[in-house]
Amino acid sequence: MGDTDALVESAISIDIAAQPDFRTASGFLRSVFNGLEQGVLAIFCKPSNVSHFEHLDRPGWHSDAAFGAMQLRDHVNVYFAIGLQGDRPEKGRGKEVGVISLPGFWADIDVAGPNHVALALPPTIEDAMGIVQAVPFKPTVIVYTGGGIQPYWLFKEPWELDSDKERKKAKAISKAFQKYLQHVALNRGWVMDGTADLCRLLRLPGTYNRKQAEPVLVRYEVVGDGRRYNPSDFEDFLNVEADPELKAHIQGPAPEQPTAEFLRVLAGCPWIRHCKDDAASLPEPEWYRMLSIVGRCKDGIHLAHELSRPYPKYTEAETTEKLKQAMGAAGPATCAFIGGDLGCGRYCAECNHHGKIASPVVLGIPKRSKRGKDEATDGGHRRHSDLPNIQANDRQLREVTRDSLAALRAFNNPPSIFVRAGKPVCVHKEENGRHVITEATDRILRNRLTRAADFYEVTVEGFTNCAPPMDMVKDILALPPMEWEFPALQGIIEAPALREDGTFITEPGYDVQSCLFYAQQDGLDMPALPDHPTADHIDVAAEMVHDIISDFPFVDVASRTNAIAAMLTPVVRAATKGPTPLALFDATTQGTGKSLLSEVVSIITIGREAPMFSAARDAEEWRKVLTSVLREGSPVVVIDNVTYRLDNGDFCKALTETTHGDRVLGKSETVNFPVRCAWIATGNNIQLGGDMPRRCYWIRMDAKCSKPFQRTGFKHKRLKEYVLKHRGELLAALLTLARAWFVAGRPEPRLTPVGGFEDWSVIVGGILQHAGIEGFLDNSNELYEQADIESIQWEAFLKMLDTVFYSEPFTVAQVWERMNDKTWNESTRQSQVTDRAEGLRAALPDFIAQAMDREGFFKQRLGFAFSEHLGRRYGDSQVRIERDDHDRHEKVARWKVVRND
């Protein structure tokens, strides 16, 4: 609530201001009339027929209106007028002529009940909703009145009705919209009142429907993401009656600049087609009336002569003279005159627009020629599709794109097209049941468009079906992503998960709050999740989670708890804002169960084994692999069987970022993919290099035997089958533990949050601690000490260099010389390297020792390694390599070892 609202409510009764119904009414009015800063809102009461008025130019008007409604609702029915008045009416709710703005369109659908006399009403709310669902656009909000529903389709910006012309236009569209709904209801055997008047009274949420013995609270809900529309969206799909501008075409002299398109008239009117086809023998009365229509089209003079020329007695002068007469004050031939006085009723009988238009020229006028879904024709035959009809030729590309994109947006509900990394994307299901994110190419977009609308071309022969034009598809793809209005997609989940607010994602499909797509697996049977887990719930859930990993030979409590953390991480990933570290499934020897444990986590999370890939060998390969897996949006990523030191800059960066950027192969552009996955790596005695240790948490296993794969006596002999069978129960257990922590107020765990992974360590650590599962991350220091062999090697190497050079500066060449110091051995009668040189060679880190036999390569690699490790501290002594401060301007770099002890 803003400061102004707070000041206003300070003058309102505290008891009323605290009421949820007061806030419901206030918030509803503010939302409906959002963006309006002038006008008068009428609050009307029945049966007293007394009005109260609120001026929107006063701060807090919605709170004042809600306050008045709360005082009135216990005695009368409270309504508000949807159209805002320009001035305060003397009485009543005001009149249409005084309406200056309209926030949207609406419907009032009663259902059968004791407070309605009419019998032919929708029996239930669900039946009434069926009428609403026939509209191509979802309502923004639905009000439940206690006797039916009142859905609203609110506008993006209020429609300013600043003239009689605009008011008439709004009334015409409103009337057509109500007729559309009435027609839908009638086809289902029900009646529905028309409520097209611009100052229509509608129920106010937060008040009571007092038409029955027991008053019912009026409430509302926002539909989906509360989408709003433009008035033109409705005008385009409704058969709106002609407005005053249209009279220039069908009454009096022809306009100076006609806008009617003859091809549209020709395609829609059988009589005009007859005039064209039978031009050589057309009777003069029909020819003259044809001129009155053709002359009011674009390029009408030329068309009139072309259509008249086949007549044997055609002359240019006579045709020009007759055309001038036909363009005079009498107006074009009307459908009634053509069918009656001309005796051409047989052609009118074939017309799909018969009785709906005044003259054939109407068919050619922009917007008015747009065909409703019951009027579209195909080669003279009626279409039966309920899809929008889009003309693909003889129009500007931008117009075709606009209409196609509007149809695509309407079709995209529920969403199947999204935007991710600045590209339109889809979620595809592979033959193995796996769901992946793929880019919506022009062919995929065309596939969706042909299901979103019927495309046609207008020719002199009539309407012809066609495919969505590829130029239009490419034009859509060339638009800025914000103009698509597709929902943003962060990633995929394949099991229920926890949101940031502690609620569950359980409904399959797109989740607006988390921007995730829940691709539910077939056969997943989830028990009911408790909203407020008790201590018993927590104990049962913790026991189930412990049971599933009871056969794994963890070396300590920390590894066991970290394994549970690895199972929790994908489940709470949607609730974790920041990045998540790498779960390191490490064992002393092969066959211990590290890969099986990763498969258990995957089966719980996605219902099958996660796709695995091997650790890449070089930086370019790492980059390609990371981009590939993040593009697909998999919830779990497994790097299996790491056999060499795990150390890569791109991978380190991906672990600590929420968005991964990469260059598109073969193009000078970059893409940025959200990082919303859980990371796992498996291996035996995994070695970590660089910054990897602090980006990992350790799950260490040791079966204490040489052939662990031959072990027997397991509690769950076929573990993967057992996990798949009980997947729903295991997911419920993990979600219960997570939910319990949220309900308890998210108590902080007793640990220092891991740098770079603060959100993850607090959430997962808090859940585990609240469930009484101790040991989370307790083995981190041991991981840093044992897994990072490189750090151990560098500490020993730098200490040896310090011993060799006595803390004095040295060059790379001098290190090579010391390594090759030799002395004469009298007993062998040959020279050999000194003990100090042997010690220095033995202390070389593996990466440098690989080049020990080639002097030039060795010096180059050692110099690079010194630069890469510059200032990095090792061990308790904080030993490190630094540049010598006294020879910065020398051509040869000089180094020195610094230590704190």
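## Helices H20 and H26

Helices H20 and H26 are oblique to each other, a relation that follows from their axes crossing at roughly 130°, because an angle counts as roughly antiparallel only when it is over 145 degrees and as roughly perpendicular only from 65 to 115. The model described here is a predicted one. In it, H20 covers residues 535–548 and H26 covers residues 727–743, and the two axes come within 9 Å, with a crossing that is left-handed.

The contact between the two helices involves His-537, Ile-538, Ala-541, Ala-542, Met-544, Val-545 and Ile-548 on the H20 side. On the H26 side, the residues they meet are Glu-729, Leu-730, Ala-733, Leu-734, Thr-736, Leu-737 and Ala-740.

An open sheet is formed by 5 strands, whose order is S27-S28-S31-S26-S32 and whose pairing is parallel. Strand S27 (612–613) and strand S32 (696–701) stand at the edges with a single partner strand each, so that one side of each has no neighbour in the sheet. For S32, pairing with strand S26 (residues 582–587) is in the parallel sense and extends over 6 bridges, and one of the residues concerned is Ala-587, whose bridge partner in S32 is Met-701.

Helix H21, made of residues 557–571, lies across S26, strand S28 (636–642), strand S31 (678–684) and S32.

## Ala-488

Ala-488 is found in the loop that lies between helix H19 (481–484) and strand S21 (491–493), and its relative accessibility of 35% means that it counts as partly exposed, since that class takes in values between the 20% limit for buried and the 50% limit for exposed.

When neighbours within four places in sequence are left aside, the residues in contact with Ala-488 are Val-419, Tyr-510 and Cys-515. Val-419 is 69 residues apart from Ala-488 along the chain, yet their C-alpha atoms are separated by 4.9 Å.

## His-869

The loop between helix H33 (855–868) and strand S35 (880–883) contains His-869, which counts as buried at 3% relative accessibility, because the class applies under 20%.

The side chain of His-869 makes a polar contact with the side chain of Trp-794, at 3.5 Å. Apart from neighbours within four places in sequence, His-869 is in contact with Glu-790, Trp-794, Tyr-874 and Ile-881.

How values were computed. Residues are numbered from 1 along each chain as its sequence is written. This is a predicted model: local features need pLDDT of at least 70, side-chain atom pairs count only at pLDDT 80 or more; totals for chains, interfaces and linings use all residues. Side-chain values use heavy atoms; hydrogens and water are left out. Two strands pair if DSSP finds at least two bridges between them. Helices (H or I, at least four residues) and strands (E, at least two) are DSSP runs, numbered from the N terminus. Contact means heavy atoms within 4.5 Å. Axes are lines fitted to C-alpha atoms, for helices over the stretch in contact, and angles run from 0 to 180 degrees between N-to-C directions. Buried means under 20% relative accessible area, exposed over 50%, partly exposed in between (1.4 Å probe, protein chains only). A polar contact is a pair of N or O atoms within 3.5 Å; within protein, one must be able to donate a hydrogen and the other to accept it, and residues adjacent in sequence count only if both atoms are side-chain atoms. Angles under 35 degrees count as roughly parallel, over 145 as roughly antiparallel, 65 to 115 as roughly perpendicular and the rest as oblique. A crossing is left-handed if the near helix is turned anticlockwise from the far one by less than a right angle, and right-handed if clockwise.
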